[in-house]
Amino acid sequence: MQTFKNTAGAPIVLQIADRIVENRAYLSEIDGKIGDGDHGVNMAKGFGIAAERLKGQDMTLGKSFDLLGSVLMNEIGGSMGPLYGVMFTEFGEKLEGQEDISPDTFSTMLHAGLEGIQSIGSAKVGDKTLLDALVPAIEAFDGAIASGASFDSALGNLVEAAETGRDSTLNLVAKIGRSARLGERSLGVLDAGATSCAIILKELSLAAKDRLH
């Protein structure tokens, strides 16, 4: 069975942070069409702060996620800070004490992150939020593993489902947050949260794939 090590996990979070910072303008541009326009700025700020603190650190992936979650929860504004903050904090908790990250451990981690988000928000799939990327991604990963797919292959399914979920938000009317006030006018625009979620899941999956053995 394929696994990857929890040790030396800081570079994984740095890889995710690089991609978020790189997409700062794009995420804010999307958000500006139906929201506050600050999603990319806030995300880049939070991930950038965490990256600075992680550089050169010999931390497990669990501890790295915990640090990132703490920064996002406590040091950035907007609605996404607490949501992603609790997600990464839960990721970190589930990896605590794990030497090898197996498909089961990875799935447990993803589900814990999802439950954390659901514990502080009322959004569900179809409401044009990050859950439209996250929930299908988790379901695709679990489905692939259940059908006997390798960890590597299941990560590919996860990314594909996250990106399909992200794209589905083009045809959804926002039900939650500032953009909900626009009603039908929120159609035809990607949700910024679903877009950043797809970026995060893709980078996490690519980094995990590189470390599988």
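This is a predicted model: local features need pLDDT of at least 70, side-chain atom pairs count only at pLDDT 80 or more; totals for chains, interfaces and linings use all residues.
Residues are numbered from 1 along each chain as its sequence is written, and side-chain values use heavy atoms, with hydrogens and water left out.

The account begins with charged side chains. A salt bridge is taken to be a side-chain nitrogen of Lys or Arg within 4 Å of a carboxyl oxygen of Asp or Glu. By this rule the model holds 10 salt bridges. One of them joins D100 and K5, with 2.8 Å from N to O. Strands and helices here are DSSP runs numbered from the N terminus, a strand being E with at least two residues and a helix H or I with at least four. D100 is partly exposed, its relative accessible area being 31%, and K5 is likewise described as partly exposed, at 34%. In these terms, buried means under 20% relative accessible area, exposed means over 50%, and partly exposed lies in between, with a 1.4 Å probe and protein chains only. The pair also belongs to a network of salt bridges that links K5, E99 and D100.

Two further salt bridges may be located in the model. E52 and K55 meet through their side chains at 3.0 Å, N to O. E52 is found in helix α3 and is exposed, with a relative accessible area of 54%, while K55 is partly exposed at 48%. The C-alpha atom of E52 is separated by 9.9 Å from that of A17, although the two residues are 35 apart along the chain. The other salt bridge joins D167 and R166, whose closest N and O atoms are 2.9 Å apart; D167 is partly exposed, at 36%.

Attention now turns to empty space. Rolling a probe the size of a water molecule over the atoms shows where such space is left. A pocket is defined on a 1 Å grid over the protein atoms alone, as an open set of points where a 1.4 Å probe fits, with protein on both sides within 12 Å along at least five of seven lines; lining residues have an atom within 4 Å of a point. The largest pocket contains about 600 Å³ of space, where the volume is that filled by probe spheres set on grid points joined across faces, edges and corners. Its lining comprises 29 residues, and S79, M80, L83, I176 and G177 lie nearest the centre. The elements giving two or more residues to this lining are α2 (24–34), α3 (39–54), α5 (80–95), α6 (103–120) and α9 (192–211). The largest share, three residues, comes from α6. The lining divides into 10 nonpolar, 13 polar and six charged residues, where Ala, Val, Leu, Ile, Met, Phe, Trp, Tyr, Cys and Pro count as nonpolar, Asp, Glu, Lys and Arg as charged, and the others, Gly among them, as polar.

Several buried residues complete the picture. S102 is in the loop between β2 and α6 and is buried, at 12% relative accessibility. Its side chain makes a polar contact of 3.0 Å with that of T105; such a contact is a pair of N or O atoms within 3.5 Å, in which, within protein, one must be able to donate a hydrogen and the other to accept it, and residues adjacent in sequence count only if both atoms are side-chain atoms. Beyond its neighbours within four places in sequence, S102 is in contact (heavy atoms within 4.5 Å) with M1, Q2, T3 and F151. T3 lies in the segment before β1 and is buried as well, at 11%.

Finally, most residues other than glycine have a negative phi. K128 has a positive phi near 65°. K128 is placed in the loop between α6 and α7 (131–146) and is buried, at 1% relative accessibility. K128 is also among the contacts of V189, a residue that is itself buried, at 13%.
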